Amino acid sequence: MPSHLFADRPAPQPPERGTVDALISQTRRLRGDLDAVRRDAVADEDDPQGRWQRALCELAAHQLDDVRAQLGQLKEGPPDLLAPEAEPGPAEAQASPPDAGSGSGSEERPTGSLLSRVGSAEWNLLTDEVSWSEELYRILGRSPEAGPMSLDELPSMVFAEDQALLTTMVTGCLIDGKPLDGEFRIVRGDGRVRTLHMMGEPVLDADGCTASMWAVLRDVSALRRSERAVRESRDSLQRRRHLEQTEHRVVVELQEAVLPAWQGSLRLPQRGTAALDVAVHCLRSRSTALMGGNWYDAMELPGGDALLTVGELTGHGLSATSAMALLLGALRGMAVAGIEPGALLGHLNQVLESSAQAALGSAVCCRYSPASGTLRWAQAGHPAPLLLRGGTGCALTRPDGVLLGATSGAAYEQAQVRLLPGDVLMLHTDGPAGDPGTGTSRVDRLLGLAPRVAGAHGARECVRSVVEELGVPSHEDDACVVVARVGDER
């Protein structure tokens with residue numbers, strides 16, 4: 001094959017052998033490190049982020065393999081300086097099997113070593129001779145006995161959509177002396193599809209006219225498939241994140257529309273003595289995947305009683321939040337109608353049971369009467385309210401009550417306790433979690449606040465003590481604490 005270098009272009013000096021060897025060693029080490037990263041990639045096929053990570057690893061692996069193969073060719077020198085290719089041994093034959101089988105028309109992973117994916121060709125315009133390397137026959141799936149294809153025959157293998165591109169490249173090279181650089185797809189005789197990257201230049205004669213055209217054709221099917229997998233997995237990940245952001249916004253807006261909008265503290269009832277001073281502290285998750293159906297409420301009921309309630313549903317996201325809105329609306333309506341806490345939870349159990357969304361829920365429902373200072377309450381699988389009095393604290397004894405939605409026709413017992421002026425009642429969601437530093441449960445830490453809140457002037461000051469004690473939790477799940485302090489005037 002004639003040299004593809006122009007006559008007036010100096011031949012480049014070959015790189016030092018030691019330098020190329022060092023680069024090959026570096027590439028080999030990088031490949032090993034990449035294999036370790038790829039093994040650690042997420043294996044869940046349903047996880048878009050995991051698919052994106054694996055796709056990037058595959059793409060990087062193809063690129064490193066190609067770089068190492070090209071450095072190997074650089075180390076060995078130009079093809080026409082190589083000794084005649086020897087017959088492959090058993091190991092080489094196994095590593096580089098010939099392409100075989102019928103394809104389905106889709107891109108298949110190319111067989112053989114990386115070196116067999118690079119072929120060369122030259123078309124002599126003066127003698128009409130065509131010279132192909134053995135690798136090019138393998139790439140195109142053409143038998144050497146059939147001989148090489150002319151430039152007029154080559155487009156017959158090319159996708160109809162890519163034939164114009166190939167024609168433009170060849171015409172520009174032969175007529176305008178432009179270098180070849182482009183990609184097109186071919187359908188081999190066995191039906192397999194390949195993507196080829198073609199690079200080359202015209203070879204000029206002594207008069208500066210194009211005498212022949214040489215080209216190097218590289219099978220980049222696997223590389224382009226990896227790049228496509230990266231794009232598709234990235235797009236899938238972006239769509240998922242967009243959906244998560246949209247759902248998060250809807251969940252937040254729904255919670256803001258349903259949960260109480262009052263800030264600071266709330267007096268219940270607004271008139272009269274022995275009223276409750278109520279404040280709340282809520283932590284919302286930044287992730288929709290962890291944002292659940294937690295609720296809290298404090299409201300004045302007809303006749304001057306006060307309703308206090310907290311609860312949470314299993315599940316997260318929009319479905320849990322919409323179910324929470326349904327239950328909280330039903331709870332408020334039944335409380336206004338005068339239904340006592342025990343019976344109210346029984347009705348909520350029926351509501352959740354008849355709901356199309358299967359979920360379980362826990363709740364505490366309290367009704368406080370300022371005139372008598374009594375608190376009537378019931379619970380459904382939820383931590384009991386905490387009573388802090390005179391510098392000490394305890395959890396109220398829980399009446400019987402199973403989770404909402406756990407069983408049909410469940411009955412909920414009701415308890416009663418007398419509250420005194422200065423008492424602090426705490427209702428909280430997100431059950432007792434241990435402190436990783438001390439092993440102390442969250443309930444114990446809240447009860448430990450009794451000496452600090454004994455002299456508090458209001459519910460907001462009590463909430464500040466809660467925030468100082470608990471700080472930002474290690475988890476990001478939703479949580480809230482409702483604090484109610486009984487007024488000192490009787």
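Author: Let's start with Asp305 and Arg367, whose side chains form a salt bridge with N and O 3.1 Å apart. Asp305 sits in the loop between β8 (295-300) and β9 (306-313), while Arg367 belongs to strand β10 (residues 361-369), so this pair ties together parts that are 62 residues apart in sequence. Both Asp305 and Arg367 are buried. Keep in mind that the model you are looking at is predicted.

Now turn to Arg376 and Glu340, a salt bridge in which the closest N and O atoms are 2.7 Å apart. Arg376 is part of strand β11 (residues 374-380) and Glu340 is in the loop between α7 (317-336) and α8 (341-354), so parts 36 residues apart in sequence are tied together here. Arg376 counts as buried because its relative accessibility is 15%, and the cut-off for buried is under 20%. Glu340, with a relative accessible area of 26%, is partly exposed.

Asp65 and Arg31 form a salt bridge, and their closest N and O atoms lie 2.8 Å apart. Asp65 is in helix α2 (residues 48-76) and Arg31 is in helix α1 (residues 17-40), so the pair links parts that are 34 residues apart in sequence. Asp65 and Arg31 are both buried.

How values were computed:
Residues are numbered from 1 along each chain as its sequence is written. This is a predicted model: local features need pLDDT of at least 70, side-chain atom pairs count only at pLDDT 80 or more; totals for chains, interfaces and linings use all residues. Side-chain values use heavy atoms; hydrogens and water are left out. A salt bridge is a side-chain nitrogen of Lys or Arg within 4 Å of a carboxyl oxygen of Asp or Glu. Helices (H or I, at least four residues) and strands (E, at least two) are DSSP runs, numbered from the N terminus. Buried means under 20% relative accessible area, exposed over 50%, partly exposed in between (1.4 Å probe, protein chains only).
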